[in-house]
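Hi,

Here is the structure I promised to pass on. My notes on what turned up are just below it.

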Amino acid sequence: MKIEEVKSTAKTQRISAHSHIKGLGLDENGVPIQMAAGLVGQESAREAAGIVVDMIRSKKMAGRALLLAGPPGTGKTAIALAIAQELGNKVPFCPMVGSEVYSTEIKKTEVLMENFRRAIGLRIRETKEVFEGEVTELTPVETENPAGGYGKTVSHVIIGLKTAKGTKQLKLDPTIYEALQKEKVEVGDVIYIEANSGAVKRQGRSDTFATEFDLEAEEYVPLPKGDVHKKKEVVQDVTLHDLDCANARPQGGHDIMSVMGQLMKPKKTEITDKLRKEINKIVNKYIDQGIAELVPGVLFIDEVHMLDIETFTYLHRALESAIAPIVIFATNRGRCQIRGTEDIISPHGIPLDLLDRLLIIRTLPYNKAELLQILKLRASTEGIAIEEDALSALAEIGANSTLRYAAQLLTPASLTARADGAQRIAPPHIQAVHTLFLDAKSSARILTQHSDKYMK
């Protein structure tokens, strides 16, 4: 018999452009540390973002919008992601790009509304009555089959549950016996049964059996404290879009035709305004009763200049609605034409009335020392060994061209170094790849010099 050890089941993830960002890198007073949590420089922008995070946490920011404006490669997306990291994974963060609204399947405004609803969370707190304990007895009681024949049916099941405080014997419905069989519940397992729905959940084997020799490694859980019958609080996090989708899906029969019909339907269907209003009513009722609370998340719209005049006017309405998330826009454009108009020139390609509503955070180009720190950070994130001289040479290239181009040269340079049999990237390897690949500025210069050789 061959027994192999499994090395690791963890997925090796791709390293993306912003894998190294872990937060805004602020100290306890909200002052940015020069290099922390994966961010370098941009002190004023990070400090402003820190204030925004505090406002979101204290729920004073809902329905407002923020604009990150700066040249390409100055860390706008990085700051937006850092805000999401600071808020934690319980606060919904929905990133999108301006051009995403031009879908062939559904309206522009529908795409925006869908993302707005994705960025609003609802935390539902339910108090459930449960019977919890270690199974001491599990006896199905059988009776003659009422339909006749030879078989017997389970009329009810007797189950004994034990906690640290005492034991209880329950007489349960036969449907719960089926649920117990599905969960593979045996004597000695710790389970809980919901009183209202009859749902059964097996939590694991009781730790009093931890000493028994078992080939299958079990998860042992302690004996529950308190009474067998108790009230338990269950917290669920959903977004408003999840609620929309759950209610928009046609609930057909289980026959083959309705299943086929659902499969044939296009994946994206519009959710009507009427349905959303109904869901808002129910959500508001839950909030008034104290069952649920709203968690306004963050909607991040990158390349906001790609939106057109119609979507901008729709944004006004969406921002003013009672249930609205925090919206963060990002753009690298200066003064340019608003999309969808003939001759209206506006800063960042955003209409002036919408600009009036926004808090604007500027990001500035990095200096050479900051470029060096960022490239060092990227090299360590990608697991690339590089000499200090080579890093300086790469920072020099980045200062003359762009940070993105310099960061992209890291991997080709490491491959060149490996081909040379070197362990680390040296300055000659950087020079070699720099001559092989062109940056945008060099390419534009060559195009203007040899414009007669290219087609117009």
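Leu87 is buried, with a relative accessible area of 13% (buried is under 20%, exposed over 50%, partly exposed in between, using a 1.4 Å probe and protein chains only). Leu87 sits in helix 2, residues 76-87; helices (H or I, at least four residues) and strands (E, at least two) are DSSP runs, numbered from the N terminus. Leaving out neighbours within four places in sequence, Leu87 is in contact with Val53, Ile56, Arg57 and Val298, where contact means heavy atoms within 4.5 Å. Leu87 and Gly23 are 64 residues apart in sequence, yet their C-alpha atoms are 9.0 Å apart in space.

Before you read on: this is a predicted model, in which local features need pLDDT of at least 70 and side-chain atom pairs count only at pLDDT 80 or more, while totals for chains, interfaces and linings use all residues. Residues are numbered from 1 along each chain as its sequence is written, and side-chain values use heavy atoms, with hydrogens and water left out.

Next, Asp302, which lies in strand 13 (residues 298-302). Asp302 is buried but has no salt bridge, and the nearest side chain of opposite charge, Lys76, is 6.5 Å away. For a salt bridge, a side-chain nitrogen of Lys or Arg has to be within 4 Å of a carboxyl oxygen of Asp or Glu; for charge, Lys and Arg count as positive, Asp and Glu as negative, and His and the chain ends are not counted. Not counting residues up to four places away in sequence, Asp302 touches Thr77, Met96, Val97, Gly98 and Ala330.

Most residues other than glycine have a negative phi. Glu303 has a positive one, near 50°, in the loop between strand 13 and helix 8 (309-320). His348 has a positive phi too, near 60°, and is found in the loop between strand 16 (345-347) and helix 9 (352-355). Glu303 is partly exposed at 25% relative accessible area, whereas His348 counts as buried at 17%.

Last, helix 5 (residues 240-248). Its buried residues are Leu240, His241 and Asp244. Why do they share a side of helix 5? They cover an arc of only 100° around the axis, which puts them on the same side; the arc is taken from the directions from the helix axis to the C-beta atoms. These buried residues pack against helix 3 (108-118), strand 5 (120-144), strand 11 (229-239) and helix 7 (273-289).

Cheers
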